[in-house]
Amino acid sequence: MAVAGWNEADAREIIARLAPIEGALLPILHALQDEFGYVDAAADEMIADALNISRAEVFGAIAFYHDFRRAPAGRRVVKICRAEACQANGCEQLITELRARHGLAPDETSNDRLTIETVYCLGNCALGPAALVDGELVARLDADRLAKICDGGSIEDAQVAAGASA
Amino acid sequence: MSAPVRVFVPKDAAASSLGADAVVRALVAATHERGVAVEIVRTGSRGMLWLEPLVEVETAQGRIAYGPVAPRDVASLLDAGLLSGGAHRLSHGVVDKMDWMVRQSRVTFARVGAIDPLSLSDYRAHGGLRGLERALRMSGADIVEAVKQSGLRGRGGAGFPTGVKWKTVLDAAAPQKYVVCNADEGDSGTFADRMLMEGDPFLLIEGMAIAGLAVGATKGYVYIRSEYPHAFRAMSDAIDVARKAGVLGASVLGCGRAFDMEARLGAGAYICGEETSLLESLEGKRGVVRAKPPLPALEGLFGKPTIVNNVLSLAAVPTIVADGAQAYAEYGVGRSRGTLPFQLAGNVKRGGLVELAFGATLRDVIEGFGGGTRSGRPIRAVQVGGPLGAYLPASQLDAPLDYEAFAAIGAMLGHGGIVVFDDTVDMAAQARFAFEFCAKESCGKCTPCRIGAVRGAETVGRIVAGIEREKNLVVLDDLNKLMTDASLCAMGGLTPMPVMSALRHFPEDFRRAPQRQAAE
């Protein structure tokens with residue numbers, strides 16, 4: 001996902017555009033994160049002013065929802081499903097492998113190249129283990145395909161390989 | 001030149017996750033190279049997920065299905081006469097005659113996989129909008145009565161009678177009412193809402209418009225979890241199409257009454273599938289559960305009377321209104337009327353979506369449709385109804401799938417998710433996970449859930465590690481009772497269900513010789 005760096009003028013415009021709608025806070029936070037890759041702390045006060053709520057309420061929402069980031073993510077974002085249906089197909093072994101072979105752990109390490117996050121269910125429960133990679137769904141992950149994805153490999157190659165693994 | 005042959009390829013996220021988009025590109029390139037005219041239609045998925053990408057070709061005999069198709073198969077498929085339904089090792093014959101399809105009662109999912117999800121004319125041609133057109137000629141009270149008579153119960157999991165909820169909203173006097181669709185399908189093992197929104201979004205729009213007309217609500221929101229970016233795009237696009245066509249807006253289908261709606265994105269919080277937490281989230285707050293009463297039907301979104309229904313509940317409504325309550329109620333058994341789209345998931349050979357009348361057995365679904373485990377090992381446990389549902393042993397596979405029968409065995413149908421585990425599963429680990437999940441996703445408002453989940457995970461850890469095992473089993477039992485009785489919502493209240501079922505059916509997993517790494 002190509003995202004621009006934080007820019008106060010653009011942020012102000014996004015906030016002003018969405019502020020009038022009902023229940024604007026989540027749409028604003030999503031729009032800021034889509035634009036900049038994260039929600040900069042400088043946005044809190046701007047949002048609070050626009051919506052006439054306290055900064056604490058803005059901060060509280062950002063902290064409550066798993067989606068919102070306070071710093072940019074890596075260029076590749078891999079959200080690995082660790083819910084029951086994917087557990088039944090060995091997602092935890094993939095996590096163990098990531099840790100052992102690549103020194104990567106979900107939700108802990110994030111560098112400018114790669115972010116790995118845990119999610120609970122992507123709705124691909126008949127075809128697990130599943131992951132959402134830069135917003136695209138990948139099925140039937142194995143250690144090899146996951147490693148290639150983490151190295152920045154083609155998402156479509158991983159999808160086609162999953163299809164061929166039937 | 002003859003008319004182009006119509007070729008159907010799902011755009012469903014699950015099909016894409018197996019390379020459907022690459023198959024489309026390969027098809028376009030190969031047919032262009034051969035100089036043959038094809039029209040590729042992107043559809044939803046039929047639900048035969050193990051056969052995805054499933055390509056269908058329109059022929060005089062019907063639509064012939066091929067799958068799973070990889071890009072490298074395209075040349076040999078075209079050589080074999082794909083475009084006239086030619087024989088090929090990947091052919092399954094006419095899709096409507098496939099075993100998986102004929103053994104279902106596809107009511108809600110009748111169009112999913114068959115039509116272009118964003119074509120309103122396709123939708124109409126396949127029976128869409130009949131319900132809304134009929135509703136326009138009915139009073140609100142008559143619509144509500146039809147929903148009541150159909151016996152429809154909330155498909156999100158709680159099973160509350162939909163018509164009763166609607167009646168409460170109808171009878172509430174307020175200048176503004178809302179219809180909120182709960183599309184925060186967070187339960188592992190469920191994907192019916194996702195498939196419906198991607199495969200037949202107009203059905204949900206029609207259901208919400210009928211709900212709005214019935215109770216006098218002019219505004220609707222469909223709250224979709226952010227883990228479903230494809231469904232969010234499909235739903236948003238369909239809403240735009242419906243608005244341009246006058247299905248939504250100031251005068252629904254020219255009737256002079258208004259109903260409009262928009263799609264809103266969640267932000268990765270499981271608890272927002274709980275209706276009051278969802279309303280808080282829609283209002284732009286932390287998704288913290290509200291105490292009930294007041295019921296959302298009386299004081300819901302922004303304090304106004306609000307219908308909050310699951311995707312599948314609202315999607316059942318157009319059929320009920322169009323064909324009559326009686327026709328819908330003829331499906332099912334006892335107090336479980338109609339159909340439920342079951343989702344077969346986990347370690348299963350043929351996973352996917354199976355819409356059946358209530359009353360079929362788990363075995364029908366898991367063995368008859370699913371063909372057993374993908375690993376080929378014996379089934380050991382089946383979790384029905386999401387992360388808060390019970391784990392059932394293989395000996396209970398003959399349980400009939402209806403709300404009451406499941407309640408009687410200490411389980412629940414929930415949203416119809418069925419997750420299969422083979423004999424390598426460690427049920428103590430699954431029980432511990434249930435608590436860990438609750439600890440991570442609890443909104444934190446009530447103590448039994450917030451603290452209980454953490455204590456539960458610790459206690460299972462001690463039991464597995466062999467630390468004062470008998471005493472800790474008593475603690476665990478006590479904790480389960482407390483969470484069940486004293487939690488504010490189903491998150492804390494039902495987390496004990498998977499735990500207690502694991503303890504009851506698989507006690508040996510909690511009494512193994514301790515392993516060192518299993519300790520805290």
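User: Where in chain B is P53(B) found?

Analyst: P53(B) is in the loop between β2 (38-43) and β3 (55-59) of chain B. Helices (H or I, at least four residues) and strands (E, at least two) are DSSP runs, numbered from the N terminus. This is a predicted model: local features need pLDDT of at least 70, side-chain atom pairs count only at pLDDT 80 or more, and totals for chains, interfaces and linings use all residues. Residues are numbered from 1 along each chain as its sequence is written, chains are lettered from A and ligands numbered from 1 in the order in which they are written, and side-chain values use heavy atoms, without hydrogens and water.

User: Which kind of peptide bond joins E52(B) and P53(B)?

Analyst: Most residues other than glycine have a negative phi, and most peptide bonds are trans. Here E52(B) and P53(B) are joined by a cis bond, with omega about -5°. P293(B) sits in the loop between α12 (275-282) and β9 of chain B.

User: What is the phi of D134(A), and what is that of R140(A)?

Analyst: D134(A), not a glycine, has a positive phi of about 45°. For R140(A), also a residue other than glycine, phi is near 40°. D134(A) lies in the loop between β3 (131-133) and β4 (136-138) of chain A, while R140(A) belongs to the loop between β4 and α7 (143-150) of chain A.

User: Is D134(A) buried or exposed?

Analyst: Buried means under 20% relative accessible area, exposed over 50%, partly exposed in between (1.4 Å probe, protein chains only). D134(A) has 18% relative accessibility, so it counts as buried. R140(A), at 10%, counts as buried too.

User: Which residues does N310(B) touch?

Analyst: Contact means heavy atoms within 4.5 Å. Setting aside residues up to four places away in sequence, N310(B) touches R155(B), G156(B), C181(B), N182(B), D193(B) and H415(B). N310(B) has its place in strand β9 (residues 306-310) of chain B, and its 10% relative accessibility makes it buried.

User: At what angle do α8 and α10 of chain B pack?

Analyst: Two packed helices are described by the angle between their axes and the distance between the axes. Axes are lines fitted to C-alpha atoms, for helices over the stretch in contact, and angles run from 0 to 180 degrees between N-to-C directions. Helix α8 (residues 162-171) and helix α10 (residues 201-215) of chain B pack at about 45°, with axes 8 Å apart. The contact joins W166(B), V169(B) and L170(B) of α8(B) to A211(B), A214(B) and V215(B) of α10(B). Angles under 35 degrees count as roughly parallel, over 145 as roughly antiparallel, 65 to 115 as roughly perpendicular and the rest as oblique. That is why α8(B) and α10(B) are called oblique to each other.

User: At what angle do α1 and α3 of chain A cross?

Analyst: The axes of α1 (residues 8-18) and α3 (residues 43-51) of chain A cross at roughly 30° and come within 10 Å. These two helices are therefore roughly parallel to each other. E8(A), A11(A), R12(A) and I15(A) of α1(A) meet M46(A), I47(A) and A50(A) of α3(A).

User: Which residues of helix α4 in chain A are buried?

Analyst: In α4 (residues 55-64) of chain A, the buried residues are V58(A), G60(A), A61(A), I62(A) and F64(A). They pack against α2 (25-36) and α3 of chain A.
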